Amino acid sequence: MGLDAQVIIVGGGPVGMGLAVELAQRGVSSVLLERHFEPQPIPKGQNLTQRSMEHFRAWGVEEAIRKASPIPVSFGIGGLTAYRTLLSPYHYDWYQRAIVRPFYVCDNERLPQYETEAALRARAAELPQIETFFGWTAQSITQNDSGVQVEALSRDGERRIWRAHYLVGCDGARSLIREEAGITQTRSDHDIRMVLLVFHSGDLNKLIAHYKGKSFFNVLHPELDGYWRFFGRVDTGEKWFFHAPVPAGTTQENFDFHAYLESVVGAPFECSFDHIGFWDLRIAVADDYRKGRIFIAGDAAHSHPPYGGYGINTGLEDIRNLGWKLAAQLQGWAGAKLLASYSAERQPVFVSTARDFIQSFIDSDRAFLRAHDPQKDAADFERAWAGRAAQVGEEIRSFEPNYEGSPLVFGPAAATCSAVGEHEFAARAGHHLAPQPLSTGRGVFDELGPGFTLLSLDGDDASVADFEQQAKAMHIPLKVIRDHATGERQAYAARLVLIRPDDFVAFAGDGPVNAKDILARATGA
Ligand SMILES: Cc1cc2nc3c(=O)[nH]c(=O)nc-3n(C[C@H](O)[C@H](O)[C@H](O)COP(=O)(O)OP(=O)(O)OC[C@H]3O[C@@H](n4cnc5c(N)ncnc54)[C@H](O)[C@@H]3O)c2cc1C
């Protein structure tokens, strides 16, 4: 039986659409099935990190994404934390991503996920390797030693089967693909019902006009015990979203959402609701991101409350990691363990994201709110509040997902893959490469090849030649950049840096080296 494509992607949210583009740019054909005809108009997934913007740059959509943003960077896309009410005198600036800007090529951005999806759909339409089927819902899947099969149902009741070598489920938190593949999850339920409100209000803008340059607001309240009441701008005008815990059993009909919003803001204001939805707060992570020829990515693999904006950003990094590995496998230059390394690298990074950031935010806010109360001891509260404000960059600085413990990289002994790291300019195995200018004036990221790249900064000729010969013999795409270990490039602190197709460093050292061993390990042999 013939194949419809090399890869089937189920789910055309940001992660599925991004994967289709990533694969197509690597020459891999895909069929993408998405149950909705249009992106859903819920303004989620808004905070895009500098790293996510690097993916969009690589996929040729950075400009389109920036143009689609309803909040100009000049307006300000940072955050603010307040105590008890939004208008409280106790507040500080929060989540200022500019702190880590020098370690990435791109500025961060803020726009609703439906705009991001629209930009990715437009890019996908330009690439002949991608066939999209909007309005089709996957119903069942099977796999055997040679391939996968997906059966889907169209909106008008037509059934159809697609076949491919591999299947990637990018079908969100309630993933059918994860369930059908029999991939188990580890869940921590918080037994909290959350509401998502999308509303219009001109008054709210006026009330917070003194909070210049802020686009999202987190209100901590003792009665919430560490959970957040969170406002986000959707544009610079009147459109907002809000999420927060609500009592169990809350429905659209039995709760006064307007009064709730006014209590969180701390003042009366007019608003009209566009959307009221609910979900249960939990953190869930798949125990493996792969079962045979089936992979899962994005919310299908990990879901959690949107605390810290790790959802879409983590999902995009998943597919940047998986894309080149699938291409290598299909093009014949993957080692036997390359596909397994996707889960080995990405799953522990999310486990760490959940534990060391998302859960840790809830725990530390809870501990703070239980220990300090301005009505009982104002001086103590103000000291502790100032201490929190001073620590505010820590979560940005220390969120540095890395694969130090990956079987593919020459990391330190006993290292693990983790979301916790340090942003550094030194090239370190398992870490994202920081950008630097080359002596031509162009940036390193402007010169990276589509496959592996060897950056030789006065590296020894024999090692460089060895890399070139071995890569050729192993059919590994390798571009060599030759430059000098002078100027800003000295910060890399290595003469030979092997960079993976996803911009992570596979090896950094001074040589002489055994290129065959390094390339074999980097490609999962
Ligand atoms: C209020 C809110 C705010 C958020 N803010 C942020 C933020 O600031 N930063 C951040 O990083 N993340 C944020 N997130 C999380 C982010 O929105 C998600 O992580 C993101 O949507 C994950 O993308 P995805 O493509 O994996 O899944 P989804 O966006 O859920 O896409 C899955 C797609 O699969 C389709 N699908 C499902 N089942 C099938 C099927 N059987 N057949 C065909 N198609 C199917 C669905 O229609 C959907 O289009 C927020 C979430 C919420 C709710």
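## A partly exposed loop residue

A residue counts as buried under 20% relative accessible area, as exposed over 50%, and as partly exposed in between. In this predicted model, Gln-96 has a relative accessibility of 29% and therefore counts as partly exposed. Gln-96 belongs to the loop that runs between strand S5 (91-94) and strand S6 (109-110).

Leaving aside neighbours within four places in sequence, the contacts of Gln-96 are with Gly-78, Gly-79 and Ile-396. Gly-2 stands 94 residues from Gln-96 in sequence, and the C-alpha atoms of these two residues are 51 Å apart in space.

In soluble globular proteins, nonpolar side chains tend to be buried together. The largest nonpolar core of this model has 107 residues, and those that touch the most other members are Leu-33, Phe-56, Leu-167, Val-168, Tyr-307 and Leu-326. Helix H9 (residues 340-371) contributes the largest share of this core, with ten residues.

Not counting residues up to four places away in sequence, Leu-33 touches Ile-9, Val-10, Gly-11 and Gly-12, together with Phe-133, Trp-136, Val-150, Ala-152 and Trp-162. Another core, of 24 residues, lies apart from the largest one, and includes Tyr-211, Val-264, Cys-271 and Ile-276.

## Packing of H1 with H8

Two packed helices are described by the angle between their axes and the distance between the axes. For helix H1 (residues 14-25) and helix H8 (residues 311-331), the angle is about 30° and the axes are 9 Å apart. Because angles under 35 degrees count as roughly parallel, H1 is roughly parallel to H8. The crossing of H1 and H8 is right-handed.

On the H1 side, Pro-14, Val-15, Gly-18, Leu-19, Glu-22 and Leu-23 take part in the contact, and they meet Ile-312, Gly-315, Leu-316, Ile-319, Arg-320, Gly-323, Trp-324 and Leu-326 of H8. By class, the residues of this contact of H1 with H8 are nine nonpolar, three polar and two charged. Leu-326, which belongs to the H8 side of this contact, is also among the residues that touch the most other members of the largest nonpolar core.

## Packing of H9 with H10

The crossing of H9 and H10 is left-handed.

The residues of H9 in this contact are Ser-364, Asp-365, Phe-368 and Ala-371, which meet Asp-380, Phe-381, Ala-384, Trp-385 and Arg-388 in H10. The contact of H9 with H10 divides by class into five nonpolar residues, one polar residue and three charged residues.

## Backbone features in loops

Ala-414 is not a glycine, yet it has a positive phi of about 65°. Ala-414 is placed in the loop between strand S20 (399-402) and strand S21 (418-420), and with a relative accessibility of 84% it counts as exposed. Ala-493, likewise not a glycine, has a positive phi of about 55°. The loop that holds Ala-493 lies between strand S23 (478-483) and strand S24 (496-499), and at 60% relative accessibility Ala-493 counts as exposed.

The peptide bond that joins Gly-511 and Pro-512 is cis, with omega about 0°. Pro-512 is found in the loop between strand S25 (505-509) and helix H14 (515-522).

Technical notes: Residues are numbered from 1 along each chain as its sequence is written. This is a predicted model: local features need pLDDT of at least 70, side-chain atom pairs count only at pLDDT 80 or more; totals for chains, interfaces and linings use all residues. Side-chain values use heavy atoms; hydrogens and water are left out. Axes are lines fitted to C-alpha atoms, for helices over the stretch in contact, and angles run from 0 to 180 degrees between N-to-C directions. Helices (H or I, at least four residues) and strands (E, at least two) are DSSP runs, numbered from the N terminus. Angles under 35 degrees count as roughly parallel, over 145 as roughly antiparallel, 65 to 115 as roughly perpendicular and the rest as oblique. A crossing is left-handed if the near helix is turned anticlockwise from the far one by less than a right angle, and right-handed if clockwise. Contact means heavy atoms within 4.5 Å. Ala, Val, Leu, Ile, Met, Phe, Trp, Tyr, Cys and Pro count as nonpolar, Asp, Glu, Lys and Arg as charged, and the others, Gly among them, as polar. A nonpolar core is a set of buried Ala, Val, Leu, Ile, Met, Phe, Trp, Tyr and Cys residues joined through side-chain atoms within 4.5 Å. Buried means under 20% relative accessible area, exposed over 50%, partly exposed in between (1.4 Å probe, protein chains only).
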